[in-house]
Structures are given as C-alpha cells and as structure tokens.
Amino acid sequence: MEHAIYSRDLSQLCKLIQESCRLPVFYAQNNRISIDAAAAAAIPLSPLFPDLEGLAQSLLAPETDFPSIRTTNFWEQFIIIPVKRESMKQAFIIVGPSMEELPAEEHRAKQLNDYQIPYREKPNWADYWESLPKVNRMRLLHICVLTNLLVNQESLEITDVLQYCFKYAQPQAFKRDVERTLSAHRESLSFHQSMMEEKKFFNLIRVGDPAGLMIKLAEFSYDGAGVLSKRSPIRSLKNLAICGIALGMRAAIEGGLYEEQAYMLSDLYIQRIEELHDIQTVKAAMEGALLDFAERVEQCRIHVLSKPVKACREYIYTHLYEEITVDKLAAVSGLNSGYLMHLFKKETGQTIACYIQKEKIEEAKKLLQMTGDNISSIGSRLGFYDQAHFIKVFKKHAGTTPRHYRATI
C-alpha cells in the first residue's frame, strides 16, 4: 500500500516537472520503468534501445546516490535524481533526453561512423536528434537542483552537482594510481622539464625568434617530456605534439598573430599530425608547426601597432568576405572614425580603404592559386561590385590581371 502511495506521488512529481520544464521525465525502480503508456510514447527514444527499460538500464547504477547529469556519446543529456526514501530502494527520476545544441551535419555523420552505426540507420538518428529539446548546460543544472528539491526536500547548490559529476568521472581506483605514480616518481628522482624551461621555449615564439627556437628544438629531449599514452609510443608523441601546438598557438597570439589565423593554423596542424603514422614524421610536423608560428610572429612584429589598429587589422582579417566600413572598424576599436583613420594611416602608412583592398587582393591570389573558381565568382565573393572593378583593383595592387596571375603560378 505504501509503495503504491509513493509511486503515485512520484508520478505526480514527474508530471509537474515535465509541465514546468518542458522536458521528458519518467521514473524507474530497480531499473524498471513506471510510467503510463501515453506518457512513455511522448518520450524520444534513442535508436540504440528498443524501449525505455533498456535506456534506464544503460543510465542507472545502484551506487548512484547523488543528483547528477550524464551526457552520452551521442550528445544526449540526462538528469538522474536518486529518490531518497527508505520505501523506494533504488528508485530514480530521470529528466531527459535533451541536447545542448544540434551539432553540424558533418560532425553527426562522423560520430555515427566512429560508433559503427549502419548507414541505413542515419535517417532514424537524424529524426531523433531533431526531436530532442535543446537545453544549455546551466539551465540543465538549475533543473537538476530544482528537481532534487521537489523530490527529496534537499537544497543543493549547482556547484554541489558539478563536484559530484567531476568525482563520478574520476573513479577512486584512478585517483589511487595517480598518488602511487607521484610517489614513485619522487622516489626515483624522475622529473619533467621545469616550468621555467618551458616558458623560455614558448617565449621564443612569443617574441618571434625562429632562429632561437630552432636551437631550442635541437636541444630538446623528448625523454623528459612525459608519457601521454601508456599503450602506444606514437600516440604518446601525438598527444605531446597536440599539447605543444596548443601552447605554441597561445604564445603566437600573445606575440601579435591574428587570433583566428592562429586557431585555424593550430586546427590544421593537429589534423595533419593525426594522419601521420611514424614517430619521425610526427616530430618533424610538430617542430615545423612551432617554427611556423615563430616566423609568422616575426613578420607581425616588424611594425609595432597600437591596440586599436591591431583590433582593426584582426577584424579585417576575419571579415574579408563581408562589407567592411570605417564605422564598423571605429566600433571595434573604440575610437571615432576621424581619429581612427588618422591613426591607422600614421601606423601602417596606408589608408584603411587601401589596406582593405590589399588584403582582399592577397586573399584573391590564394583563391586563384588554390581553387578552380572563375574570376568573376572570386571577385563577387570578396565584395567587388563587378568583374571590371575587381580586375582594376587587382591590377593596381598585384601589377597584373587575375587571369595572367593565374596563368603564371
């Protein structure tokens, strides 16, 4: 009788939470779903599971004793609330599935491929992902805290939930291994390269000194860099290269390299490293990437620019395919238009309009070299109002026509 009362109570709570938060809600006891058929039919069900019972079994563990948020390999989010009543052993309220945002179609296709989902299942997954409510992480945490208060009359902070989620992600056995390894390394006097040496290394990128960096790379000992994969030496080296490129990218940004350019270069270098299959080519790719960062910073530092002018150049770099006006640049720099034009000309030796044209023509050169796009299409993409105008400006800055330029490269 008491069990029936509690079940009715939980069913009402689930309905209240669902109506308030506009998210799927159900509850399970001993991994068995307790929900009426009409409500169950309204809950989006992953193509991986034939029914809600299978889903619950994949989410719940008897040792779960604290509200938490679980995110699956397919981006689904679930709030798990253990019911803390003696008469409801191993009972849980589950809020979800939801999704933070719908990933790009390319990422979804790759995810299905990584987990060997048959191609014929792709439409089912597309429909399923589209059907999921979209909820950002902070809102989900607030719903978790609220649901726990309603179910267990227990007041929690968001940080309490986060702390438990972090602990859940790092099992106790792993923590013990960490402490044992730290002790063993102290006992054997086996240490990593010092932080000071690391700072000297990346400072050479920050100041744009490729020659000094080459010497440092020649002196660098990979033995003192740490083991980043216990199973595979090449995986360990790739992980080291990824860390090195990420740090090198940040040093390059601090040295004056355009942020977007630095981030894009970092992505491309890391993608390249993932495609390599032997240790020497991974080393060469990493060292080449770091030297490229240093060389690009060296070029940037030839002209010392003020913050407003740097901000304008960064904006121009990232918006070349859009209309760029002096008013937009004034808003970016925080200066009025007249003073900005004066300052820009003083520091760069060019008017803003001339600088934008030159950057667009440099981009056009790359497109002429790297793509088969026709000349009028390239001019249109870069904001020139007709082909004649594009050819005139191209000849002004490049000394030749786009057609002749393409024919000579």
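Two strands are said to pair if DSSP finds at least two bridges between them. The legends below apply this term and others to close-up views of a predicted model.

**View 1. Strand E5 and its pairing with strand E4.** Strand E4 (residues 76–82) and strand E5 pair in the antiparallel sense over 6 bridges. Within this pairing, Glu76 has Met99 of E5 as its bridge partner. Strand E5 covers residues 91–99. It is largely enclosed by the rest of the structure, because 9 of the 9 residues of E5 are buried.

**View 2. Strand E1 alongside strand E5.** E1 (residues 25–29) and E5 pair in the antiparallel sense over 5 bridges. Tyr27 stands opposite Ile93 in E5, and Gln29 has Ala91 in E5 as its bridge partner. In a regular strand the side chains alternate between the two faces of the sheet. In E1, Val25, Tyr27 and Gln29 point one way, while Phe26 and Ala28 point the other way. How many of the residues of E1 are buried? The count is 5 of 5, and the strand is accordingly described as mostly covered.

View 3. Ser46 is placed in the loop between helix H2 (37–41) and helix H3 (52–59). Is Ser46 buried or exposed? Its relative accessible area is 2%, so Ser46 is buried. Apart from neighbours within four places in sequence, Ser46 is in contact with Glu76, Trp125 and Tyr128. Glu76 is also the residue whose bridge partner in E5 is Met99.

**View 4. The largest nonpolar core.** This core has 28 residues, of which Ile205, Leu213, Ile245, Leu257, Leu290 and Phe293 touch the most other members. The elements that give two or more residues to the core are helices H9 (195–206), H10 (210–219), H11 (233–254), H12 (259–275) and H13 (279–300). Helix H13 gives the most, with 8 residues. When neighbours within four places in sequence are left aside, the contacts of Leu257 include Ala252, Leu265, Phe293 and Val297. Apart from this core lies another core, of 25 residues, with Leu10, Tyr27, Leu140 and Val145 among them.

**View 5. A nonpolar patch on the surface.** Leu16, Leu146, Leu149 and Leu150 form this patch, and together they have about 310 Å² of accessible area. Helix H6 (residues 137–152) gives the most to the patch, with 3 residues. Leu146 is found in helix H6. With a relative accessible area of 41%, Leu146 is partly exposed.

View 6. The whole structure contains 7 salt bridges. In one of them, the side chains of Glu254 and Arg206 meet at 2.5 Å, N to O. Because Glu254 lies in helix H11 and Arg206 in helix H9, the pair ties together parts that are 48 residues apart in sequence. Glu254 counts as exposed, at 52% relative accessibility, whereas Arg206, at 26%, is partly exposed. Another salt bridge joins Glu274 and Arg235, with the closest N and O atoms 2.9 Å apart. This pair links helix H12, which holds Glu274, with helix H11, which holds Arg235, over 39 residues.

View 7. Glu362 and Lys365 meet through their side chains in a salt bridge of 3.2 Å, N to O. The two residues are 3 residues apart in helix H17 (residues 352–370), so about one helical turn separates them. Glu362 is partly exposed at 37% relative accessibility. Lys365 has a relative accessible area of 18%, and a residue counts as buried under 20%; Lys365 is therefore buried.

Note on methods: Residues are numbered from 1 along each chain as its sequence is written. This is a predicted model: local features need pLDDT of at least 70, side-chain atom pairs count only at pLDDT 80 or more; totals for chains, interfaces and linings use all residues. Side-chain values use heavy atoms; hydrogens and water are left out. A nonpolar core is a set of buried Ala, Val, Leu, Ile, Met, Phe, Trp, Tyr and Cys residues joined through side-chain atoms within 4.5 Å. Buried means under 20% relative accessible area, exposed over 50%, partly exposed in between (1.4 Å probe, protein chains only). Helices (H or I, at least four residues) and strands (E, at least two) are DSSP runs, numbered from the N terminus. Contact means heavy atoms within 4.5 Å. Patches are made of residues with over 30% relative accessible area and no salt bridge: like charges are joined within 9 Å, nonpolar side chains (Val, Leu, Ile, Met, Phe, Trp, Tyr) within 5 Å. Accessible areas come from the Shrake-Rupley method with a 1.4 Å probe; for residues, only the protein chains shown count as cover. A salt bridge is a side-chain nitrogen of Lys or Arg within 4 Å of a carboxyl oxygen of Asp or Glu.
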